[in-house]
Amino acid sequence: MIKYASFCLLVCIAITACKNAATTGSSNAATKDTTIVKDVHTQSNADSVIMKHLDLDIKVNFETKQIAGVANWSIENKDKVTELKLDTYDMSIDSVFADGKLVKFILDSPVKYLGSALHIPISANTGSIAIHYKTGKDAIALQWLGPQQTHDKKHPFLYTQSESIYARSWIPCADGPGIRYTYNARVEVPKGLMALMSAHNPQQINDSGIYYFDMEIPVPAYLMALAVGDISFKSIDEHTGVYAEPGMIDKARYEFEDVGKMVGAAEKLYGPYRWGRYDVLVLPPGFPIGGMENPRLTFCTPTVIAGDRSLVNLITHELAHSWSGNLVTNATWNDFWLNEGFTDYFEHRISEAMYGKSFADMIWELGYQDFVAAVNDLGKDSKDTWLKLDLKGRDPDDGLTDIAYEKGAHFLKLIENTVGREKFDAFLKKYFDEHAFKTIYTEQFLVYLNDNLLKGDTALINKININAWVYGPGIPANCPRDYPERFKAVDTTRTEFLTGKPISKSITATWTTNEWLHFLRNMPAKLSLAQMKFLDESYHFTKTGNSEIADVWFVMSLSADYKPAYPAMEQFLSSVGRRKFLEPLYTEMMKTPAGKEMAKSLYAKYKMNYHPLAQVSLEKIVK
Ligand code: BES
Ligand code: ZN
C-alpha cells in the first residue's frame, strides 16, 4: 500500500516529470491532465485505514446459493479517522464487531456499479473488525452451477470472478487494485467437494469438507478467488500442475504439458517467479472469460483445450501476469494497460522464447488486427482509445478493450525497437524488481521510464512520442508492425480462393491455428453460400474442436446465413460462457430481423448457463 506521505511526494514528482516529458516530446495528442486521480471505483477509505490482513471464515451453501461467514480484518487506523468505509455489493450484513465489541454500522444504498458503502465506527486504536455477512442473490462475482452445467454432470460447482470490482460481492473489503493485504481462510464446503483459492492449495479432496488457506503475500481484492467442486489434480512438474473435473483432468494435463517450461522461460526474461507454485484450474464451460490470473492458481476456460496444445498462449498470458499485474499492479482501473498491455507484451516474449520468432510474429499481427478493430469500434478519436483511461462514473469493464492489451503491448514493442531489446529487457527486469508487490499509476511509470531508460534523450523521446500513445487517440503513426512471412502465403491462398482458384491441400497442411485465424478473419464480410460450403467441405470448420476458429466461423456463418453450421453453433452457445466468444456471435445475429429473433430465443434458452458478468454484457447486445 502506498504510504500517504510518500504517495504525495510521488504525485508531485509525477506531475512535474510528466510536464517535462510533455515539453520535450513532440506532442500531437489532445490536452492531457497528468494529475494523479485516486481510484474512483472504491468507496473505501483505505488510504486512511491500512487493511493489513484478512482472516476469512466462510461456509459455501449450494442449497441457498449463498456464502456466509465472517470477514475479520486486521487494520491500522493510520489517520486516526472515526470510521472505516468498505465496499459491499448486494450483501446482507448481520453484525459488526470492533475489537470484539458489537458496533452499530451503516450500510448505504447502492451506488451504480459500486455497490453499498459499509460504514463502521472505529477509534484510533481499533485493531480488528469482524463482519458477519451473507452474499446476496445478485452477487455478481459468483456463478453457482448445477451438476448439468459442469463437465462431468455429477456435482454442483461454484467459482468466483473478482476482477475488476466484484470481490465486494462476496467479501466485504476495500476493493481497489491499489490496496493490498495478506489473507488466510477457512472454507467449509459440502463433503466430497474440494475448495481452491488464490493461495496455498490442497491437492486432494478431504473427508471433512473444511479447507484452510494461506496467502502470506499481500494481494489486492481483485485477486481473491474461490472455486468449489468435484476437482482432481495432476502435477506437471515439481512446481506446476493442473486441476480440473475428473473427466477433464487427463485432457487438461496433456494440453498444459509446456506450462512448467513456460515458467522457466518467463523467469529467464524478467526475474524469479515469486509465488511458489503455479497451477492452473480448468473450470466448467460457463466461465465468462478466457483466463484469470489468480495468484498461484490461474482459472481458465475449458475452451483452451483444443487437444493439440494450440491455444496454450492463453496460459502464457495468465502466467505473465505473475509479474505484470500480480507483482506490479495497476493502481486504478484507469491504468489497466499497465496490467494488460505489459502482460500481452510479456506473453509474446515468452511465446517467442518457447516457440520461435515466426510464431510470435503471427500473434503480434493478430494482435495488431485486434487493435485496429478496437479503434474502429470505439471511434478513432475516442478518449477510450487513449492508454490512460477515464472511467469515472462508469463501469470499469468499459476499459476492458483491446486498447489496453494491444495498444499497450505495441507501445512497449515500440520502446523495445527504439532502445534495443537488451536495454529494454534490463529496464523491465529492474522495473519488476523495484516495484515488486507494489502498485503503480501510469504517470509514475512514465517518470520511471524517463529516469531509467530514456534519460531525457530528446531523440529517443521524440521517436517514441509517448503522448500520442498514452494521452492520444487511435493508432499512432509510429506503431510498429512486422507483417509475418507466414501470413503472406495465407493472403495469397485467400485471394486464390476468392477468385475461384483451387486451393492446394499441401499449402494448408502446414497451417497452425494462427494461419487459419488469419485466413478466416480477413475474408470479406459476407461469403456466398457456395463459398461457405466449399470451405466447410474442404476444412470441416463447422466440426472444429478449436474454439477460436469455431467462433470466427460461426460469425461468418451467421453473416452468410449458412444454416448447416447452426446446430453446432447452438451447441457452442448452449454451454460456452466466454464473453469474448458470445459477444461477436450475438452482435452478428442482432444485425438482421430474423437474426434478432434467433438471438432473443437462444439467449433466453441459455442465459442460465452464462455467468452473471456475461449476462450483464450480453443484455447490452440482445435487446
Ligand atoms: N485479467 C484478465 C481478465 C479480466 C480483465 C477479467 C478485466 C475481468 C476484468 C485476463 O488476464 C485476460 O486478459 N484474459 C484474456 C486472455 C487473453 C488475453 C489471452 C481473456 O479472458 O480472454
Ligand atoms: Zn490479462
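Me: How are the donor residues of the zinc ion (ligand 2) spaced in sequence?

Reply: Please keep in mind that this is a predicted model. The spacing of these donor residues is H-x3-H-x18-E. The protein donors themselves are His317 (NE2), His321 (NE2) and Glu340 (OE), and they lie 1.9 to 2.1 Å from the zinc ion (ligand 2). His317 belongs to helix α4 (residues 313–320) and Glu340 to helix α5 (residues 336–355), so this pair ties together parts that are 23 residues apart in sequence.

Me: Are His317 and Glu340 buried or exposed?

Reply: A residue is called buried when its relative accessible area is under 20%. Both His317 and Glu340 are buried.

Me: What is the order of the strands in the open sheet of seven strands?

Reply: The order is β5-β4-β8-β2-β1-β11-β13, and the pairing is mixed. At the edges stand β5 (101–103) and β13 (210–220), each of which pairs on one side only. Neighbouring strands of this sheet are turned by 20° against each other on average, with direction ignored.

Me: Which strands form the open sheet of three strands?

Reply: That sheet has the order β3-β7-β6, with antiparallel pairing. Its edge strands, β3 (83–88) and β6 (106–107), each pair on one side only. Two antiparallel bridges join β6 to β7 (residues 116–121); the bridge partner of Ile106 is His119 in β7.

Key: Residues numbered from 1 in each chain as written. Chains lettered and ligands numbered in written order. Predicted model: local features only at pLDDT ≥ 70, side-chain atom pairs only at ≥ 80, totals over all residues. Heavy atoms only, no water. Pairing = 2+ DSSP bridges. Helix = DSSP H or I, 4+ residues; strand = E, 2+ residues; numbered from the N terminus. Axes fitted to C-alpha atoms, helices over the stretch in contact; angles between N-to-C directions. Donors = N, O, S within 2.8 Å, 3.2 Å for Na, K, Ca; no water. Buried < 20%, exposed > 50% of the residue type's maximum accessible area, 1.4 Å probe, protein only.
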